[in-house]
Structures are given as structure tokens and as C-alpha cells.
Amino acid sequence: MLDHEKVAIHTGRRSRLPVIVAVHSTALGPAAGGLRLWHYPDWRDGLTDALRLSAAMTSKFAVAGLPSGGGKAVVALPEGLELDAERRRDVLHDVADAIASFGGAYATGPDVGTGPDDMAVIGEITSHVFCRPAHLGGSGDSSPHTAQGTLAALRAVSRRLYGTASLAGRSLAVVGLGRVGAGLARFLAAEGAALTVTDIDPDKRSTADELDAVWRSPDEILAANVDILVPAALGSVLTRQIVAELRCRAVVGPANNQLATLDVADLLYHRDIIWVPDYVASAGGVINAISTELHHVSADEAHARVRAIEDTVDDLLDTAQRCGQTPAQAASELAMRRLRAVSAPVGTPAPSSR
């Protein structure tokens, strides 16, 4: 059953491509979420992505305690289509039109296939956009903050497993060396972690050499014997079969939608493998961007919100242990409590976050 507030599907008047905007919830505040420009076998697969990702954004903001709701924009590119500069600009202006039609209920930022320069193009038509380049007054590339937030989550898990937040000497396998994955790998190398890395692009092997990391193929790395597996590429990497083959003590990474099916969280729990929900670990980038651009807080306060992911993960792991549930269940229940609290009658006590 669809539980979204509003879903709009447009055929862009310039590009003639499917533009999908899904607003899951504005209970906590106007919705925000990235623009995904990606190839799909069918446009309806893009719709499925938009629905799932927008719901995850609601949970992401609720768990982080931020006054924003969840949304997502997707342009479903036919497989094999490559956009030249002119048509890409047309697509982005079509997206801007779709966003403007929401009247401020949704603002977009970068996601897979888009970046700050694309947000600048969207910003030519609508002000409901974030992560524009810094020279245009935006917060710029969100990937360093996403990596910092993931690092904060990793420190909380390290403290849970080993009694210290330090990652020095810990073995981690980073799956994906895009902007976020490569940045996170550099943070981890600087902390003294022992890294194993991979990417579907063999040219990224130079990053492994730079970091003195072990390179493994994408097919091999998921079963690597490491302390923590760090998914940092596209989603659905954790399948029932993969979970049975894991040789790590935790899975913590910035990739969205890591679970192929929801029951995989239970399989991880029964294998005594900690899984931090991806929408918690990956929240740093969007927390920084909307904090500075939409909530207008100082850079120091925005950075403090990103670092607070460590405390959030600590609390979730405490709750999960105390209640005999998975961290995913603890996070989901926290999000639901905060969403219900905003619609509770005046005078109703606020629910505890613990």
C-alpha cells in the first residue's frame, strides 16, 4: 500500500524523459532528498526506486532528529542513452519544473548521477535545491560530509565491538571507491586502519595503491575476512546468499538500500553481525547540506550534527541490545516515535529516544 503524501510523474516537456518526484512525508518539515539520474530497464523501476528512497529519507531525518521530511527525485534514463550537455540541461530544467510544482514541499540535492553543478542548473528555475557549488552560495559537494558521518558510525561500532572508538589496526573492506567511498577510505587510512578495497572500475586500483590497500575483485571482497565490511556503492548488496558467506563482525557503510530484502537484517542479527541501517550511516552529507542551506545554522553546528551520528548509533545499539532486537528495528521504532510525536495532542509527553 502506498503511504506517500504525493507522487508526481512527468514527461519532461524539453527532454521527453520520465521525471519522478516522490514526497513520502512532510510531518517533520518540508521534504528533502537527492536527484538520481540513472539508467533503468523500465521507467517503473525508477518509480520503485523513488518510492523506496523517499521513505528511507523520512527515516533518515527522523532518526537524526532533524525538522525535515523525506522525498526523492528520479529521472529514469532508458538503458544505453547517453546525455550530451544540451540534453542534460533540458533534463535538469524539467526536474526543476517538477520540483517547483510542489510549492516548497520538496527540495532536491545530488544523488547517484548528479552533483553540485547540476544543482546550479536546477537552481536557475527553482530555489528549492541544495548542494549548489560553494561559489554560488551552496554547500558544495556533500560527499566529504557523508564520509565523515560514516566514519562516526564506524567509531560507535568499533567501541561496541572492541571497547575503543579508534579504528587503528582494524581491518575494513570498502566496497566502492566513488566520491564517498574513496574519501572514506582516505579517512580510514589516516586513522591507521588496514584496508581492502574494490570498485567495478579497474582504474580505481590507483586509489588502492595510493592508500597501500589490498585490492580485491568485487566478487571476492564481500567474503573477505575483515572486522567490518563497508558497502559504499549501489544498493542491494546484502542478499541471503551473501550474508551466509560473510566473515566480518559488522556491516557499516554509506551505500543506500543495502538490503536486497528486509529479512536480511534478521539474518545478520542471527549471525551476530552488527548492521547499522544505511540511512543512519549515510546521513552526514544531507545533514550538513540541509542544516546549512535549508535550516540556516552555522557551519560549526552543521558539523556537530554530522558528528552526532556517533551518538545516534551508540543509542540505537544500546536500545537494540536492551530490547533484544535488531538495530534496524530500533531505528525504525525511533523514527516512528518521532513522527507520531509531531501529530500528538498538545500536552502529550514526548517519547524517549532511548
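Modeller: Asp 272 is placed in the loop between α9 and β11 (274-275); helices are DSSP runs of H or I with at least four residues and strands are runs of E with at least two, numbered from the N terminus. The model is a predicted one, in which local features need pLDDT of at least 70, side-chain atom pairs count only at pLDDT 80 or more, and totals for chains, interfaces and linings use all residues. Residues are numbered from 1 along each chain as its sequence is written, and side-chain values use heavy atoms, with hydrogens and water left out.

Colleague: Why is Asp 272 called exposed?

Modeller: Its relative accessible area is 67%. Exposed means over 50%, buried under 20% and partly exposed in between, with a 1.4 Å probe and protein chains only. Asp 272 is therefore exposed.

Colleague: What is noted about the phi of Asp 272?

Modeller: Phi of Asp 272 is near 60°, a positive value in a residue other than glycine. Most residues other than glycine have a negative phi. His 296, in the loop between α11 (284-293) and α12 (299-307), also has a positive phi, of about 60°. With a relative accessible area of 63%, His 296 is exposed.

Colleague: How do you know whether Thr 114 is buried or exposed?

Modeller: Thr 114 has a relative accessible area of 4%, so this residue is buried. Thr 114 is found in the loop between β5 (106-110) and α3 (116-122). Leaving out residues up to four places away in sequence, Thr 114 touches Leu 35, Leu 37, Arg 88, Gly 109, Met 119 and Arg 179, where contact means heavy atoms within 4.5 Å.

Colleague: Which residues touch the most other members of the largest nonpolar core?

Modeller: Among its 60 residues, they are Leu 154, Val 157, Leu 188, Leu 195, Val 252 and Val 313. Such a core joins buried Ala, Val, Leu, Ile, Met, Phe, Trp, Tyr and Cys residues through side-chain atoms within 4.5 Å. Helix α4 (residues 143-162) gives the largest share, eight residues.
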